[in-house]
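Q: I have a structure on screen and want to learn to read it. Where do we begin?

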Amino acid sequence: MFTLKKGMQLHPFSDQSGLSIYNPFTTEIITLRITLTQFESLLLDSGKACAEHAELHHVLNDLSEKGIIEASPSPARSS
Amino acid sequence: MKKRSFQLFLSPFVFQIQTDIELVLENARLMYGERFKERVDDEQFVDYYLSIVKSSGVRHFYKPQARFFCDSREPFKPLRLNQAFAMLEWGMNWTIASHELQYCIVHSGVLEKDGKAILFPAPPGSGKSTLTAFLANNGWRLLSDEMAMILPQTNQVIPFVRPICLKNQSIQLAKNWFSGAKFSSIARDTHKGDVIHMAPNSSAFKQNQVPAKIVGVVFPQYRPNAELAIYQLDMADAFMQLAQNTFNFRVLGNSSFTTLTQLIETIQSFEIHYSDLEEVEAFLREDIIERSS
């Protein structure tokens, strides 16, 4: 599971053509050709998404290396 | 010629320029008309102090050159003396693009009709300036040939009216089309080829404090003998292209990101391939200006 790092600006375009993320610490802009819902699913369940689409693994690695997202502990399972 | 200073009142900025090059003085006077003040007003607040002067030393005698300074900084290598006025124009562009933080500055032509503005961001060779010159002489108001100065967090662009820079084959075309226009002397063999500047018409200068609402962005690509081809860009694509053409995106940071993403949400974005300027004008007027609110 990943989360967007604090301070990142995210803009999902209303025509569903993608979303842009601005990293104010490096001034880099990343544009992904996925919707906000797809992006949130990717962060939330990265294991499943990467298993279904191998290229998403590279996307996550790239975003992580660029300091845009960070791994976060999965929520504890209720017994 | 001894060093002399003059002032240019080019809303929203005032420049004070020192020169010992007659060619610079003559062309500035011709290009800027009433905005050119021969006599320096010491009480006037000046935004930028620039100078363009002859190089000194032995070279001065056999291959005279011009040097450009912004305060004491020299951002460019010297150029041939016959290129001095073009160098001043490029130096003014560099000065604004490098120092201004009040505006989100996009490398773009800007033209307005009925209070609505269209941005034309484009790399060299795309025909942007020829298109700008054509529109500016066919019922559109010139806000800028070179930079769109967008007020942050708004869709308003403010004018920065300056001469239009035309290159190579465009020079003769413009002289044929606009016989009543004023042209600078030609700067031959620059890194862009032969270059000339065309003075804005008086109405552009008269309205140089009137902002306009941005309703479209068009990325033009001149293709010889091509029929007009229009491609609508999606928002993600248009945003990335606009951001890449923004001079001070990194300096403004969050503010420019917000400004450009909000802008893209409210305007139409196109890429066009063209050869016929009248076709382009009709498309811009009918499909962007008249259809936008």
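**Between the chains**

A: Start with charges that meet across the interface of chain B and chain A: the rule finds one salt bridge there. A salt bridge is a side-chain nitrogen of Lys or Arg within 4 Å of a carboxyl oxygen of Asp or Glu. This is a predicted model, in which local features need pLDDT of at least 70, side-chain atom pairs count only at pLDDT 80 or more, and totals for chains, interfaces and linings use all residues. Residues are numbered from 1 along each chain as its sequence is written, chains are lettered from A and ligands numbered from 1 in the order in which they are written, and side-chain values use heavy atoms, with hydrogens and water left out.

Q: Which residues form the salt bridge between the chains?
A: D234(B) pairs with R33(A). Their closest N and O atoms are 2.7 Å apart.

Q: How many residue pairs are in polar contact across this interface?
A: A polar contact is a pair of N or O atoms within 3.5 Å; within protein, one must be able to donate a hydrogen and the other to accept it, and residues adjacent in sequence count only if both atoms are side-chain atoms. Here the rule finds seven such residue pairs between chain B and chain A, both residues at pLDDT 80 or more.

Q: Which helices of chain B supply residues to that side?
A: Helices (H or I, at least four residues) and strands (E, at least two) are DSSP runs, numbered from the N terminus. On the side of chain B that touches chain A, α7 (235-244), α8 (249-252) and α9 (254-266) each supply at least two residues. By class, this side has eight nonpolar, four polar and four charged residues. Ala, Val, Leu, Ile, Met, Phe, Trp, Tyr, Cys and Pro count as nonpolar, Asp, Glu, Lys and Arg as charged, and the others, Gly among them, as polar.

Q: How many residues are in contact, and what area do the chains bury?
A: Contact means heavy atoms within 4.5 Å. In this model 16 residues of chain B are in contact with 18 residues of chain A. Buried area is the accessible area (1.4 Å probe) that two parts lose on being put together, summed over both. The two chains bury about 1,400 Å², 61% of it on carbon and sulfur atoms.

Q: Which domains does chain B have?
A: Domain bounds come from an automatic or database domain assignment. For chain B it gives domain 1 (4-99) and domain 2 (104-162 + 200-289). Their C-alpha centres lie 27 Å apart. The contact takes 13 residues from domain 1 and 16 residues from domain 2. Together the two domains of chain B bury about 1,100 Å², 61% of it on carbon and sulfur atoms.

Q: Which residues form the salt bridge in chain B?
A: E89(B) and R162(B) do, with closest N and O atoms 2.8 Å apart. On the side of domain 1 of chain B that touches domain 2, β2 (13-19), α1 (22-32) and α3 (84-99) each supply at least two residues. The largest share, five residues, comes from α3(B).

Q: Where is the cis peptide bond?
A: Look at omega. The bond from S11(B) to P12(B) is cis, with omega near 10°. P12(B) sits in the loop between β1 (4-10) and β2 of chain B.
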